[in-house]
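Trainee: Could you walk me through this model, starting with the overall picture and ending with single residues?

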Amino acid sequence: MTVNTPLCFRGKSILAPMVRVGTLPMRLLALDYGADIVYCEELIDIKMLQCKRVVNEVLETVDFVAPNERVVFRTCERERHCVVFQMGSADAERALAVAKLVESDVAGIDINMGCPKEYSTKGGMGAALLSDPDKIESILTTLVKGICKPVTCKIRILPSVEDTVNLVKRIEKTGIAAIAVHGRKKEERPQHPVHCDVIKAISEAVSIPVIANGGSHDFIREYMDIETFQKATAASSVMIARAAMWNPSIFRKEGLFPLRKVMQDYIKYAVRYDNHYTNTKYCLCQMLREQLETTQGKKLHAAQSTQEICEVFEMADFYEETTTIFTAKKTSLETKIQDEDDQMEDPDVIKMAVRFDKREYPPQITPKMYLLEWCRKEKHPQPIYETVQRPLDRLFCSVVTVAEQKYKSTLCIDYRSSF
Ligand SMILES: Cc1cc2nc3c(=O)[nH]c(=O)nc-3n(C[C@H](O)[C@H](O)[C@H](O)COP(=O)(O)O)c2cc1C
């Protein structure tokens, strides 16, 4: 795909949005195997608005990080031109604010209008939007006008074909680039047959690309079936969820890879992108399915870290090599930052290697309290702290002014859990 060309939604195989499954390793793997477009898991607007955008120099990713330092959305250059950011929202202005936050790092923005789960619908999001076309219109129009990237939405079908077609026609008028249709009603479960005829009626009634979804169980067991589903629905493209979750090599023209290879490929990305081990484990368990009771399945279930997961799949060496590279990269970046700091040296600041080790203090007592107490006793004004977070490594450094003298520790504080 040519860089900077707006996403085209015709003739494409697409990885569907899937909570917990559609994180970076799965998206990259689907792309490697042949998917053209990948949707991220649904992320809720309110949660995203609390995040800050951080460039992670060690992993070479862009991270959207919550106040508790958890990475909510991680992306990288490889997928920038084909990842669609799916959002859960029931509010046009909030949706726009999130879209602007991520716009430069993704290829498109999608609004989830199909999730039937209570946690989504009770906030007016997901499938609840289907009964509020005015709100749909307001969210989509605001997004289309407010951002430069293509906007899509993903719906379920309504109880009648006519109502569904009318809703999609109204949605088309908002100017969105494509619509994904999960061919089930909101009360229907994944094992119910998918209504290809309804998707077909929609495809024939509108001119924007329709992306058919819902075929994993009944239709799509191997690559060739993707085309069969596309033909049955007369849709422009096909979006796959469960079949890709079970084995993402469903996107391979040449046929499925054995699960063991797929799982090892997945783990490589999980380690390479420092994916949280609980998420890695969850996705691998979805792939193992009925093999969860095997020795390997039981070992995977018991794993409590990425390293332990790697050991289960005989990838301990890979883990070792990759993390060694990261550690070296982190150290070299820190040295570079230290050198830059040294060059911008303020001669008035006294620098000392002061470390804060909780264990050296009584419970609930901090160095700040000692210093405050000392200033009171010595009749000095109370200490003034200036704290900055260095943009490159996100470490926190403070300069404290005590008795008209500035002090700084050469050791900064790292609040991050890993890389
Ligand atoms: C584990 C899982 C998580 C899902 N999460 C989302 C989601 O975040 N957003 C969404 O629009 N649909 C979500 N779905 C629904 C799928 O995108 C898709 O509509 C549905 O599974 C039907 O497609 P399929 O037959 O290919 O599985 C999820 C489905 C699964 C199995």
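This is a predicted model: local features need pLDDT of at least 70, side-chain atom pairs count only at pLDDT 80 or more; totals for chains, interfaces and linings use all residues.

Trainee: How many helices and strands does the secondary structure of the chain come to?

Mentor: Helices (H or I, at least four residues) and strands (E, at least two) are DSSP runs, numbered from the N terminus. Here there are 15 helices and 16 strands. Along the principal axes, the C-alpha atoms fill a box of roughly 80 × 50 × 40 Å.

Trainee: Which residues does UniProt list for the domain?

Mentor: The UniProt record, an unreviewed entry, gives residues 14–330 as "domain: DUS-like FMN-binding". UniProt positions follow the numbering used here, feature names are shortened, and annotations may be inferred rather than shown by experiment. Over residues 14–330 the chain is 44% helix and 18% strand, with the end C-alpha atoms 35 Å apart.

Trainee: What percentage of the residues of the chain count as buried?

Mentor: Buried means under 20% relative accessible area, exposed over 50%, and partly exposed in between (1.4 Å probe, protein chains only). Of the 419 residues, 48% count as buried. Among contacts between residues at least 6 apart in sequence, 65% join residues at least 24 apart.

Trainee: How many positive and negative side chains does the chain have?

Mentor: Lys and Arg count as positive and Asp and Glu as negative, while His and the chain ends are not counted. The chain has 57 positive and 58 negative side chains, and the centres of the two sets lie 3 Å apart.

Trainee: How many salt bridges does the count come to?

Mentor: A salt bridge is a side-chain nitrogen of Lys or Arg within 4 Å of a carboxyl oxygen of Asp or Glu. By this rule there are 17. One of them pairs R53 with D105 at 2.8 Å, N to O. R53 lies in strand β4 (residues 52–56) and D105 in the loop between α3 (92–102) and β8 (108–113), so this pair ties together parts 52 residues apart in sequence. R53 is partly exposed, at 40% relative accessible area, while D105 is buried at 5%.

Trainee: Where do D265 and K261 lie?

Mentor: Both are in helix α10 (residues 259–272), 4 residues apart, which is about one turn of the helix. D265 is buried, with 14% relative accessibility, and K261 is partly exposed at 33%. Elsewhere, salt bridges that share partners join E60, R272 and K329 into one network.

Trainee: Is R252 buried or exposed?

Mentor: R252 is buried, at 16% relative accessibility. Its salt-bridge partner is E254, with the closest N and O atoms 3.7 Å apart. E254 is exposed, at 62%.

Trainee: Finally, which residues does D45 touch?

Mentor: Leaving out residues up to four places away in sequence, D45 touches M87, G88, S89, A90, R94 and V98. D45 is found in helix α2 (residues 45–49) and counts as buried, at 0% relative accessibility.

How values were computed
Residues are numbered from 1 along each chain as its sequence is written. Side-chain values use heavy atoms; hydrogens and water are left out. Contact means heavy atoms within 4.5 Å. The place of a charge is taken as NZ of Lys, CZ of Arg, CG of Asp or CD of Glu.
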